[in-house]
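Here is a short tour of one protein chain. Keep the structure open as you read.

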Amino acid sequence: LLHAAPIPLIVGIEDPHRPYDNVAPLVRVRLDDGALATSGGARRGWQIGDRWYSHVLDPRTGAPVDHVASASVIAPDAATADVVATVLTVAPIDEGLAFVDGLDDVACCIVTRDGALHRDDRWPRHELTS
């Protein structure tokens, strides 16, 4: 039985600050192999007064986290991508990037509440610039 090489897949990652179908993706990546998962508190949560509360809770405090709008992870499999993306929504940015640096074949792009993008050193090889 012959195994065909995976067909590259181009995936657009939504801007968590502009959730509209007709808006261009914030970032586009090429997946040659592996999986992509995105996690964050931009969509699910509660609006109380003028403040948005994420559904993602910091297990150390029990409080909603609000510094990360979304975290996208490329990993060898979907389970790893999903777990790491969730960790990145809770961890401080510098700790999250250091965590990803210690993993083999994992790349990430984190979007903070203020709209800044933080990428680890492996992410650029997947990101499409045009």
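One term comes up throughout: contact means heavy atoms within 4.5 Å. The model is predicted.

**Helix α1**

Start with α1, residues 78–90. Its buried residues are A81, V84, A85, L88, T89 and V90. What covers them includes β3 (35–39), β6, α2 and β7.

How far apart are the end C-alpha atoms of α1? They are 19 Å apart. The 13 residues, at 1.5 Å a residue, should span 18 Å, so the two values agree.

**The cores**

Nonpolar side chains tend to be buried together in soluble globular proteins. Here the largest nonpolar core has 15 residues. V73, V84, L88, V100, V106, C108 and I110 touch the most other members.

| Element | Residues |
|---|---|
| β6 | 68–75 |
| α1 | 78–90 |
| α2 | 93–101 |
| β7 | 107–112 |

A second, separate core has nine residues, including V27, V29, L31 and W123.

Now look at C108. Leaving out residues up to four places away in sequence, C108 touches S72, V73, L88, L97, V100, H118, R119, D120 and W123.

**A hairpin**

Strands β4 (residues 45–48) and β5 (residues 51–54) run antiparallel, joined by four bridges. W46 stands opposite Y53 in β5. Two residues lie between the strands of this hairpin, and G49 takes a positive phi near 65°.

Definitions and conventions:
Residues numbered from 1 in each chain as written. Predicted model: local features only at pLDDT ≥ 70, side-chain atom pairs only at ≥ 80, totals over all residues. Heavy atoms only, no water. Core = buried A, V, L, I, M, F, W, Y, C linked by side-chain atoms within 4.5 Å. Buried < 20%, exposed > 50% of the residue type's maximum accessible area, 1.4 Å probe, protein only. Expected span 1.5 Å × (residues − 1). Pairing = 2+ DSSP bridges.
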